[in-house]
Amino acid sequence: MSRTDSSFSADLSHIFTRPTGIVGIGNTLRSDDAVGCYVADQLEACLADGTPHQVLNAEDVIENYVFRLAESPVEHILVVDAVQGSGQPAGSLVLGRLTELETGDGVFLGQSTHKLALSMASSILEQHGKQVYLLGIAAENIDFGMQMSPDIQDSAEMVIALLAGHAGRSH
């Protein structure tokens, strides 16, 4: 998916116009699949007190948090997760409404590494009036291991800075 930096930033700005729940999902034992958890942990540590945004590290069990998110005051949910099969180089970013990315509008955008749980969670959250977005980071390796690939690590740091900047500007 080709996006300009300005359209990516504009999309993030739109998401953060409303109170947003940033949800990192992943498996910390599967190399690049840990990227969502890493982003959530780092972002939680740097968000200012009093922000209308929330950060949650759901690890690989977003279904355990779906009703807590549904009942929370956030209006937008931004899920950060590793994606595979996007055809993009490792570390590339995909951003959009989850329902649109799932259908792909004729373009195969890859899949979250937690597609089934994420689809179910998204459906429940949408039924509760939440808009659900996916910020996917193209994974290089999701085999067992405790270290993310360098390209994924670099992208994670960039995502943390972008999200912290947008979250900080919105309150």
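Two residues are in contact here when heavy atoms of theirs lie within 4.5 Å. The exercises below concern a predicted model.

**Exercise 1. Find the secondary structure of the protein chain and the order in which its elements follow one another.**

Step 1. Counting the elements of the protein chain gives six helices and six strands.

Step 2. Read along the sequence, these elements follow the pattern α-β-α-β-α-β-β-α-β-α-β-α.

Step 3. For the contacts with a separation of 6 or more, residues 24 or more positions apart account for 81%.

Step 4. As for cover, buried residues make up 49% of the 171 residues in the protein chain, while the accessible surface comes to about 8000 Å², of which 50% belongs to carbon and sulfur atoms.

**Exercise 2. Describe the surroundings of strand 1 and say which strands it pairs with.**

Step 1. Begin with burial: six of the six residues of strand 1 are buried.

Step 2. Now look for partners: strand 1 pairs with strand 3 in the parallel sense over five bridges, and Ile22 stands opposite Leu78 of strand 3.

Step 3. Strand 1 is also joined to strand 2 by five bridges, again running parallel, and here Gly21 stands opposite Gln54.

Step 4. Finally, follow the chain from strand 1 through helix 2 to strand 2, a β-α-β crossover that is right-handed.

**Exercise 3. Work out which residues touch the most other members of the largest nonpolar core, and which elements supply this core.**

Step 1. The largest nonpolar core has 28 residues, and those that touch the most other members are Leu12, Leu78, Leu135 and Leu163.

Step 2. At least two residues of this core come from each of helix 1 (5–15), helix 2, strand 3 (76–84), strand 4 (93–97), strand 6 (131–138) and helix 6 (150–169).

Step 3. Helix 6 gives the largest share, six residues.

Step 4. Take Leu135 as an example: leaving aside its neighbours within four places in sequence, Leu135 is in contact with a set of residues including Phe8, Leu12, Leu78, Leu95, Val159 and Leu163.

Step 5. Apart from this core lies another, of 23 residues, among them Leu69, Ala70, Leu118 and Leu125.

Step 6. As background, nonpolar side chains in soluble globular proteins tend to be buried together.

**Exercise 4. Locate Ser31 and Glu59, and decide for each whether it is buried or partly exposed.**

Step 1. Most residues other than glycine have a negative phi.

Step 2. Ser31, however, has a positive phi of about 45 degrees, and its place is in the loop between strand 1 (20–25) and helix 2 (35–46).

Step 3. The relative accessibility of Ser31 is 5%, which is under 20% and therefore counts as buried.

Step 4. Glu59, in strand 2 (residues 54–59), also has a positive phi, near 50 degrees.

Step 5. With a relative accessible area of 41%, Glu59 lies between the cut-offs of 20% and 50% and is therefore partly exposed.

Methods. Residues numbered from 1 in each chain as written. Predicted model: local features only at pLDDT ≥ 70, side-chain atom pairs only at ≥ 80, totals over all residues. Heavy atoms only, no water. Helix = DSSP H or I, 4+ residues; strand = E, 2+ residues; numbered from the N terminus. Buried < 20%, exposed > 50% of the residue type's maximum accessible area, 1.4 Å probe, protein only. Core = buried A, V, L, I, M, F, W, Y, C linked by side-chain atoms within 4.5 Å. Areas by Shrake-Rupley, 256 points an atom, 1.4 Å probe, with all protein chains shown as cover. Pairing = 2+ DSSP bridges. Right-handed = clockwise from strand over helix to strand, strands pointing away.
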